[in-house]
Amino acid sequence: MRLPIILQILLFAFLNGFRIAVEGAFSATVESGEEHCYNVIAPTGVQSVIHGNFDILDDDESPDPIGVVLYDSKMTPVWRSERQAQEGTFSITGEGKYELCIQNGSMGSDDYVAPKDGIDREVGFAIRVVPPQRGIEGEAGPDDRLTSHLIELSEKLMEGLDTMTDHQEYMRERENRHAMLADSTFNRVKEWTFLEAIVLVLISFGQVLYLKKFFEQRRYL
């Protein structure tokens, strides 16, 4: 018995709600001339979707030295960021072990990024492993093809929503960094103002003593 197309879509949405996915958005400070790598493992025997993104959180620094590369289990690059890119996204299908590497400055003659400049940079990144979803079983009729197309579109929509959520997280991280900088600047201004007030009081006290001594000398004369 074939389910109506609406029930098929609802069934897929119900099953998709319980999907198992390795996901996360993080940030890391990559020292100049260093490389940080992170491993993820996709289930073997099935073609999972591995997707993610990155964003350089130091807006005031040049992105030239930053390069992001995704390697497969044979350490073959399957995706790499554009040169001088401030941010980027990737999406591939595969299985097994993958490694996402973020480098700050070239580390060899074959690197495509600028040489290290001595500046550490904070990079936000996310990577997700989503196993294939259960589709519509049975012969492919017109309704089934339409349902499969809608399922594919919903997966792309979920991927876009994940990317948007990650960038919102990066924006919050930027806000926290700016808040910490503003708070640090305010504390320094407050300390310097307090120090300036102390210096002014000492100078005023010294002037009073000098004038008092000066007038006492004139009176004795």
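This is a predicted model: local features need pLDDT of at least 70, side-chain atom pairs count only at pLDDT 80 or more; totals for chains, interfaces and linings use all residues.
Which residues make a nonpolar surface patch of about 510 Å²? In this protein the patch is made by Trp192, Leu195, Val199, Leu200 and Ile203.

Residues are numbered from 1 along each chain as its sequence is written, and side-chain values use heavy atoms, with hydrogens and water left out.

First, confidence. The predictor's confidence in each residue, pLDDT, runs from 0 to 100. Its mean over the protein is 80, and 79% of the residues reach 70 or more. Over residues 1–22, pLDDT stays under 50. For that segment the model has 34 contacts beyond four places in sequence, a contact being heavy atoms within 4.5 Å.

Next, the overall architecture. The secondary structure comprises two helices and eight strands; these are DSSP runs numbered from the N terminus, with helices (H or I) of at least four residues and strands (E) of at least two. In order from the N terminus, the elements run α-β-β-β-β-β-β-β-β-α. Among contacts with a separation of 6 or more, residues 24 or more positions apart account for 82%.

As for the surface, the protein exposes about 14700 Å², of which carbon and sulfur atoms supply 59%. Accessible areas come from the Shrake-Rupley method with a 1.4 Å probe, and for residues only the protein chains shown count as cover. Of the 221 residues, 30% count as buried. In this scheme buried means under 20% relative accessible area, exposed means over 50%, and partly exposed lies in between (1.4 Å probe, protein chains only).

Let me return to the opening patch. Patches are made of residues with over 30% relative accessible area and no salt bridge; like charges are joined within 9 Å, and nonpolar side chains (Val, Leu, Ile, Met, Phe, Trp, Tyr) within 5 Å. Why does valine 199 count as partly exposed? The reason is its relative accessibility of 38%.

I turn now to the disulfide. By the rule that two cysteine sulfur atoms must lie within 2.5 Å, the count comes to one disulfide. Cysteine 37 and cysteine 101 form it, with their sulfur atoms 2.1 Å apart. The pair links distant parts of the chain, 64 residues apart: cysteine 37 belongs to strand E2 (residues 35–42) and cysteine 101 to strand E7 (residues 96–104). The torsion about the S-S bond is about 110 degrees, so the disulfide is right-handed. Cysteine 37 is partly exposed, at 34% relative accessible area, whereas cysteine 101 is buried, at 3%.

How many salt bridges does a search of the whole structure find? It finds six, where a salt bridge is a side-chain nitrogen of Lys or Arg within 4 Å of a carboxyl oxygen of Asp or Glu. I shall present three of these pairs.

In one, aspartate 59 pairs with arginine 174, the closest N and O atoms being 3.0 Å apart. Aspartate 59 lies in the loop between strand E3 (48–56) and E4, and arginine 174 in helix H2, so the pair ties together parts 115 residues apart in sequence. Aspartate 59 is partly exposed, at 41% relative accessibility, while arginine 174 is buried, at 9%.

In another, arginine 128 pairs with aspartate 166, and here the closest N and O atoms are 2.6 Å apart. Arginine 128 lies in strand E8 (residues 121–130) and aspartate 166 in helix H2, so this bridge ties together parts 38 residues apart in sequence. Arginine 128 is buried, with a relative accessible area of 6%, and aspartate 166 is buried as well, with 2%.

Then there is the bridge between glutamate 169 and arginine 172, with the closest N and O atoms 2.6 Å apart. Both residues lie in helix H2, three residues apart, about one turn of the helix. Glutamate 169 is partly exposed at 37% relative accessibility, as is arginine 172 at 40%. Elsewhere, salt bridges that share partners join Asp55, Asp59 and Arg174 into one network.

Finally, lysine 74. Lysine 74 sits in the loop between strand E4 (66–71) and strand E5 (77–80). Its relative accessible area is 72%, so lysine 74 is exposed. Lysine 74 and lysine 97 are 23 residues apart in sequence, with a C-alpha to C-alpha distance of 8.8 Å.
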